[in-house]
Amino acid sequence: MKHYKQFINGQFVDSKSTSGIEILNPCTEEIISTIPTGTEEDANNALESAKSAQPAWASLPAIKRASFLHNMATVIRKNRVFLAETLSKEQAKVIGLAQIEIDVTADYFDYNAGWARRIEGEIIQSDREKEHIYLHKVPIGVAVGICPWNFPFFVMARKVAASLVTGNTCVIKPSSEAPNTIMEFADLIQKIELPAGVLNFVCGSGRTVGNALCKSPITGIISLTGSVGAGQQIISAAAENITKVSLELGGKAPAIVCADANMDLALNSIVASKVIFSGQVCNCAERVYVEDSIYDEFVEKLTVKMQQVTVEDALTGIDADMSSLVSKSQIDKISEMVAFAKKEGAEVLVGGKRHEKFAKGYFYEPTLLTNCTQDMQIIQEEVFGPVLPVMKFNTLDEAIAMSNDCQYGLTSSIFSENFNNIMQATNNLQFGETYVNREHFEAIQGFHAGWKKSGIGGADGKHGMEEYLQTRVVYAKYY
Ligand code: NAD
């Protein structure tokens, strides 16, 4: 069993706390590692080390900084199987999907390295004679990245790659539910001779370590991927120093299926978007609206598809569709939400309870609910599990209104063969992302950003990289 330490200033160091947090394999409930509980002092030491390293890092040519990102990609690829197994074991991600996460993370470092020669300012025409207005894009300083447990490795890269290529240094706090793969990465990057302090990893709770990172005057930008509740607390902590925040929070993605949709495509895409990583994905289809005239046929076929979803141990069930949920608290929350939906009148067509096949672990059955109404908790609140509630609509206007009637605004989708329907939906859905005739999943060159309570700012592509830059304007007068 591994005991991870804090990674500060290029070295693994003991935490100032002596206690540890146990990490379980969710499929077996066995303890597989420990991380430090973490203290405010650990957080502050990591910030101090990032602050000291930042001026020299920013003064390197961007292409030199990019070379370290390429080296990170290489080291990940060389250790891709080990990292995928570590990831699969700590958070019950089916091994095939875990491997995809590791491989895409390597690509993400390479992709962001590509921005090195494209961080561009502007020269603006002045109203005065003999004057240029120069707009420079400069690093903010120290970036803090706070990670969730669901795609911990990829989300870590979202924060590290974009902050480092732009000349910031970085402190990462992994989630205490799934820190192992990130801490193994900390070990691996010791081989690439990254200057000490450029990248630091501190483990611990959000309340202590996370809060200390967010309220420090050293922190220039906080990038959180997590729940709305954590986002709200981080905004409060950031208020003290007016620190910039970039928040990628929860979602409640609607999938709209029109009568003219390619039904098989819609069924396959929606089921894929629901069962990937057991529904614990922020962009997952969380509610389905189906046009009245095809509702019965669609639900009948969806019932069969949900019954066919296979559930296995994440590491050994190579071809399984899904596995255990991440933790006891997650399965308890989902069980309570489904019980409450039933009490409010929902009918369970498939699943609706813990999976009886497994004596250990947090396995929940793929679940299909009908007879739901718009005001129910199961339609309004993020479930973050393999539970799919389905409702009917009569007109597309009504489906769009029901989709928008929600506090979240992350992802959405429409299935239709009619151009006018697609244009109406993509122009009126109040979501940062809309997928047309495909499953919910973003691309690294896009821009992943939530509207409403789903967040502020965003990640990926050019705009995600620019989150880590601030603008200096110089009015240069000459004679
Ligand atoms: P969480 O909010 O419980 O924790 C996320 C991280 O925030 C953890 O590292 C946690 O320790 C830290 N944290 C919690 N409170 C904090 C505080 N007061 N100060 C500083 N840090 C604090 O979320 P989770 O359970 O790890 O992840 C699931 C949530 O993340 C879901 O709501 C999901 O939709 C969301 N998510 C969003 C995206 C996106 O891109 N929008 C991606 C993945 C997950």
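# Exercises on a predicted model

Six bridges join strand β4 to strand β5 (residues 30-36), and the two run antiparallel. The model used in these exercises is predicted.

**Exercise 1.** Describe strand β9: is it buried or exposed, and which way do its residues point?

*Solution.* 
1. Strand β9 covers residues 169-173, and five of its five residues are buried, so the strand is largely enclosed by the rest of the structure.
2. Thr 169, Val 171 and Lys 173 point one way, while Cys 170 and Ile 172 point the other way.
3. Both sets are buried.
4. Five bridges pair β9 with strand β8 (residues 142-146) in the parallel sense.

**Exercise 2.** Follow helix α1: how far does it reach, and where is its kink?

*Solution.* 
1. Helix α1 (residues 40-59) has 20 residues.
2. From first C-alpha to last it reaches 30 Å, close to the 28 Å expected at 1.5 Å a residue.
3. The kink, of about 40 degrees, lies at Ala 53, shortly before Pro 55.
4. Ala 53 is also among the buried residues of α1, which include Asp 42, Leu 47 and Trp 57.

**Exercise 3.** Decide whether Asn 404 is buried or exposed, and find what it touches.

*Solution.* 
1. Asn 404 lies in helix α13 (residues 396-404).
2. Its relative accessible area is 13%. Buried means under 20%, so Asn 404 is buried.
3. Leaving out residues up to four places away in sequence, Asn 404 touches Asn 428, Leu 429, Gln 430, Phe 431 and Lys 452.
4. With Asn 428 there is a polar contact: its backbone oxygen lies 3.0 Å from a polar side-chain atom of Asn 404.

**Exercise 4.** Examine the ligand: how many residues surround it, and which are the closest?

*Solution.* 
1. The ligand is surrounded by 27 residues.
2. The closest are Cys 147, Ser 227, Gln 233, Leu 249 and Glu 382.
3. A polar side-chain atom of Glu 382 lies 2.6 Å from an oxygen atom of the ligand.
4. Leu 249 places a backbone N or O atom 2.7 Å from a nitrogen atom of the ligand.
5. A polar backbone atom of Gly 226 is 3.2 Å from a ligand oxygen atom.

Technical notes. Residues numbered from 1 in each chain as written. Predicted model: local features only at pLDDT ≥ 70, side-chain atom pairs only at ≥ 80, totals over all residues. Heavy atoms only, no water. Helix = DSSP H or I, 4+ residues; strand = E, 2+ residues; numbered from the N terminus. Buried < 20%, exposed > 50% of the residue type's maximum accessible area, 1.4 Å probe, protein only. Polar contact = N/O pair within 3.5 Å; in protein donor to acceptor, adjacent residues only side chain to side chain. Contact = heavy atoms within 4.5 Å. Expected span 1.5 Å × (residues − 1). Bend = angle between axes of the 7 residues up to and from the residue. Pairing = 2+ DSSP bridges. Near = heavy atom within 4 Å.
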